[in-house]
There are 2 protein chains.
Amino acid sequence: MPAPNKTRFALLGLLTFGPMSGYDLKRMFEKSLNYFWNESYGQIYPMLKKLAGEGLTGGKRESDPESRSRTVYSLKDEGMAAFREWLALPAEPMRDRNELLMKLFFGRHSSPDINRNHLLAAREYYTGLAQKFDELEIRLKEDCSDDPDQPYWLVTLGYGQNQSRALLQWCDQSLIALDEIPADRTSSDNSKNETNEPPSGGR
Amino acid sequence: MPAPNKTRFALLGLLTFGPMSGYDLKRMFEKSLNYFWNESYGQIYPMLKKLAGEGLTGGKRESDPESRSRTVYSLKDEGMAAFREWLALPAEPMRDRNELLMKLFFGRHSSPDINRNHLLAAREYYTGLAQKFDELEIRLKEDCSDDPDQPYWLVTLGYGQNQSRALLQWCDQSLIALDEIPADRTSSDNSKNETNEPPSGGR
DNA sequence: CGTGTCATGTAATCAGTTACATGATTCA
DNA sequence: TGAATCATGTAACTGATTACATGACACG
């Protein structure tokens with residue numbers, strides 16, 4: 001059995017905030033979940049139709065002359081039930097595919113400068129991220145103190161904060177570690193002849 | 001322009017360790033890069049043919065009667081050059097799609113028990129991970145102290161260590177935070193209308 | 001002789017992004 | 001009027017996994 005589709009649950013979840021159009025949903029992804037989830041229009045619109053077809057949401061064409069015409073979807077009880085069911089299922093661990101780590105793993109074939117730059121770029125990235133998270137924390141605590149969702153959002157925020165701080169530390173410690181590699185080890189060796197034995201293991 | 005294919009570079013990178021078959025490469029992914037990269041046969045075999053077709057690797061059918069027949073690919077200078085070129089390019093940040101965070105983000109619609117269980121499962125997961133990383137560190141320092149790749153592998157390992165420890169802490173602090181939510185906030189409220197404010201906020 | 005591992009591959013399917021097409025409305 | 005935004009969608013493409021098919025050899 002292949003992994004069940006998660007786009008549907010992301011959409012159902014966002015619709016708990018109230019009826020919305022596909023366009024609204026896209027903005028919600030950008031605004032709210034962006035750090036751990038996003039969906040493209042190519043996923044959103046077809047899935048919205050599917051969900052309505054399954055009776056999980058109700059779609060109504062709004063032709064209000066006051067506003068622009070759009071299709072607004074609202075969560076039905078059946079949709080809420082399906083969403084709750086999914087919430088209770090164990091979360092599948094994400095498969096990480098980390099390009100930065102791959103580059104550093106093979107760093108011997110690169111140059112000290114390049115490796116250093118990768119880490120500096122990562123450092124900058126995590127610095128900005130940590131800062132954004134801290135700002136978000138302030139806003140969440142100020143503006144949403146009455147919101148029943150607030151504690152949950154603080155939890156997801158905390159994930160980002162802990163992670164970005166930890167990886168910031170990692171950048172610093174790694175920059176030091178790579179600096180300490182003796183030059184005869186950093187040389188990017190063009191040949192692939194050496195010993196042929198696979199890494200790890202050995203004697 | 002779509003993101004360039006990274007499978008090719010993963011394969012080229014692994015071939016820096018020496019000539020290998022598709023089967024060997026798959027085992028290498030499983031054994032060495034597993035925590036931040038993996039590829040399935042469905043990606044590996046077609047890409048190996050492609051790389052050979054582009055002249056980046058040499059593929060030789062080995063029909064050694066001593067061993068089983070297999071196709072062994074080796075890195076050519078052109079392949080090494082292409083790999084080096086890629087190493088110097090900035091690493092694209094990975095897009096995180098974190099199911100656990102989505103479930104917790106919408107945790108209000110779940111139950112305290114379920115949220116707690118998600119965090120406990122994550123806690124167990126990261127505990128095991130941190131332990132494996134620590135074991136790996138010992139092995140890396142014992143067995144590979146002469147390996148010119150060792151410092152780079154320690155860097156990638158450090159990423160996993162810092163991250164898993166940080167997220168372990170996050171699990172603990174989040175379990176506490178969710179425990180402190182007053183019961184009238186945890187109730188999975190079916191309606192989205194409320195705002196019947198509880199008298200005098202703050203805790 | 002049958003199970004497990006080595007070994008290579010493909011087809012079906014699913015997931016996901018990008019680019020494009022269209023058109024209405026708002027606002028400077 | 002022309003640019004920005006609102007709004008909906010689809011087609012083409014890439015990426016990736018899963019399941020399957022095949023067969024050889026090893027080991028008990």
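How far does a polar side-chain atom of B:Arg97 lie from a phosphate oxygen of DNA strand C? I looked this up in a predicted model and found a distance of 2.3 Å.

**Entry 1: contacts with DNA strand C.** I next turned to chain A. For A:Gln43, I found a polar side-chain atom 3.4 Å from a base nitrogen of DNA strand C.

**Entry 2: elements at this surface.** I listed the elements that give two or more residues to the surface near DNA strand C: α3 (41–53) from chain A, and α2 (22–33), α3 (41–53) and β3 (70–75) from chain B. I noted that α2(B) gives the most, with 4 residues.

Entry 3: I found 20 residues around DNA strand C, of which A:Gln43, B:Tyr23, B:Arg68, B:Thr71 and B:Arg97 come nearest. Sorted by class, this surface holds 5 nonpolar, 8 polar and 7 charged residues.

**Entry 4: a nonpolar patch.** Lastly, I looked up a nonpolar surface patch on chain A. A:Tyr23, A:Tyr41 and A:Tyr45 make this patch, which covers about 320 Å². I located A:Tyr45 in helix α3 of chain A. Its relative accessible area is 39%, so I recorded A:Tyr45 as partly exposed. A patch residue needs over 30% relative accessible area, and A:Tyr45 has 39%.

Conventions. Residues numbered from 1 in each chain as written. Chains lettered and ligands numbered in written order. Predicted model: local features only at pLDDT ≥ 70, side-chain atom pairs only at ≥ 80, totals over all residues. Heavy atoms only, no water. Near = heavy atom within 4 Å. Polar contact = N/O pair within 3.5 Å; in protein donor to acceptor, adjacent residues only side chain to side chain. Nonpolar A, V, L, I, M, F, W, Y, C, P; charged D, E, K, R; others polar. Patch = residues over 30% accessible without salt bridge, like charges linked within 9 Å, V, L, I, M, F, W, Y side chains within 5 Å. Areas by Shrake-Rupley, 256 points an atom, 1.4 Å probe, with all protein chains shown as cover. Salt bridge = Lys/Arg side-chain N within 4 Å of Asp/Glu carboxyl O. Buried < 20%, exposed > 50% of the residue type's maximum accessible area, 1.4 Å probe, protein only.
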